[in-house]
2 protein chains.
Amino acid sequence: MKVKNSRLDAIRLILSTQEIGSQEELLSELEKEGFKLTQATLSRDLHQLRVVKSVGVQGRYRYILTRPHQYRHEGEQGEARPLTAPQEATGFLSIKFSGNIAVIHTKPSYASTLAYHIDNYDFPEIIGTIAGDDTVMLIIAEEANRTMVLRALRTIIPNI
Amino acid sequence: MKVKNSRLDAIRLILSTQEIGSQEELLSELEKEGFKLTQATLSRDLHQLRVVKSVGVQGRYRYILTRPHQYRHEGEQGEARPLTAPQEATGFLSIKFSGNIAVIHTKPSYASTLAYHIDNYDFPEIIGTIAGDDTVMLIIAEEANRTMVLRALRTIIPNI
DNA sequence: TAGGTTTTTGCAATTTTTTTGCAGAAATCC
DNA sequence: GGATTTCTGCAAAAAAATTGCAAAAACCTA
């Protein structure tokens, strides 16, 4: 489990920083990182991570991360989210506001990761996010203001 | 060109209303609609539409649309789209508002489908949408209000 | 609208990539 | 220390992508 989790992390990292077009390719990247596994296992990992195979601008295929999400089945109340230790999100570059919207710029490909962290934290100040490649849009709750949003985000983006 | 365009439309429609997991499957759906083509052509179509193969809630593979409407304005207006009977959109989880924005949360991977339906319906109350993986943002027309938006959406999301 | 051009598609494999069933290993749980 | 669950390699099957060409369709344009 230890191995698998760090491998999944590695996969996320690789996919978020490189243009990977096939599992073979990803496999060899993982090997560079010291992970030894078969393509079959990788396929299962990608499935679990809900990675999608997309078509990039140049028409080349590319694996991209979607937002990992724990499913909260309707009705199923369940115990609250695992509440992972405040993950420090990287890739942050800047934040700007306009009306009830905040726009965060990140390093290329870091947007979905950052949005993931924000979503995961479920801040009451933020009612939703959408991520592109290097931009995250946040919709600010009506009962919140910019200062509150910044303060909230500080828990995962210390240097904000 | 005529045939191809309507076929691409058909593909979009099918993918937005059904969970299609393979090209074979899509192929036979298209056949039901009267489109006759080979897997090679379908592969080319999907590539052109930049359809992605994703993983749905049940863990099943699924083709999903990314940007449904860049194809719209092709100088072609003529016969307005078939205006299919109000398709019922699935995957809806919740809707929240802030200012002139509505944020809809969906089950993973359903956002673009839902956005597709909303766009397609061309509600005057909604001037645009953005979809991520499980989130759709709607920009509400200035002359509309939340009640109107909800009422409009009810035509495609009955349980809203 | 006839003739030329461009685009699309089938054919028919071939190649590449992805998925899966199964059994053994490893990890986790009482 | 067994029972149970999770993970993984192996091998093969299934699915998807690509190709080179020729024919068909659609589009121009004079």
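A residue is counted as near a molecule or strand if one of its heavy atoms lies within 4 Å of it. In this predicted model, 65% of the atoms of DNA strand C within 4 Å of the protein belong to sugar or phosphate, and the rest belong to bases. Local features need pLDDT of at least 70 and side-chain atom pairs count only at pLDDT 80 or more, whereas totals for chains, interfaces and linings use all residues of the predicted model. Residues are numbered from 1 along each chain as its sequence is written, chains are lettered from A and ligands numbered from 1 in the order in which they are written, and side-chain values use heavy atoms, with hydrogens and water left out.

**DNA strand C**

- Of the 20 residues around DNA strand C, those that come nearest are A:Q39, A:Y63, B:R7, B:T41 and B:Y61.
- In the side chain of A:Q39, an N or O atom is 3.1 Å from a base oxygen of DNA strand C.
- Phosphate oxygens of DNA strand C are 3.0 Å from an N or O atom in the side chain of A:S43 and 2.6 Å from an N or O atom in the side chain of B:R7.
- Helix 3 (39-49) of chain A, helix 1 (2-17) of chain B and helix 3 of chain B each supply at least two residues of the surface near DNA strand C, helices being DSSP runs (H or I, at least four residues) numbered from the N terminus.
- Helix 3 of chain A gives the largest share of that surface, 4 residues.

**Helix packing within each chain**

- In chain B, helix 2 (residues 23-32) and helix 3 (residues 39-49) pack at an angle of about 100°, with their axes 10 Å apart, the axes being lines fitted to C-alpha atoms over the stretch in contact and the angles running from 0 to 180 degrees between N-to-C directions.
- These two helices of chain B are therefore roughly perpendicular to each other, a term that covers angles of 65 to 115 degrees.
- The contact (heavy atoms within 4.5 Å) is made by B:Q23, B:L26, B:L27 and B:L30 of helix 2 and by B:Q39, B:L42, B:S43 and B:L46 of helix 3.
- In chain A, the axes of helix 2 (residues 23-32) and helix 3 come within 10 Å and cross at roughly 100°, which makes these helices of chain A roughly perpendicular.
- Residues that make this contact in chain A include A:E24 and A:L26 of helix 2 and A:L42 of helix 3.

**Interface of chains A and B**

- Chain B contributes 32 residues to the contact and chain A contributes 28 residues.
- Between them the two chains bury about 2,400 Å², 58% of it on carbon and sulfur atoms, where buried area is the accessible area (1.4 Å probe) lost on putting two parts together, summed over both.
- On the chain B side, B:H47, B:S98 and B:M137 lose the most area to chain A, together 22% of what that side buries.

Note on methods: Angles under 35 degrees count as roughly parallel, over 145 as roughly antiparallel, 65 to 115 as roughly perpendicular and the rest as oblique. A polar contact is a pair of N or O atoms within 3.5 Å; within protein, one must be able to donate a hydrogen and the other to accept it, and residues adjacent in sequence count only if both atoms are side-chain atoms.
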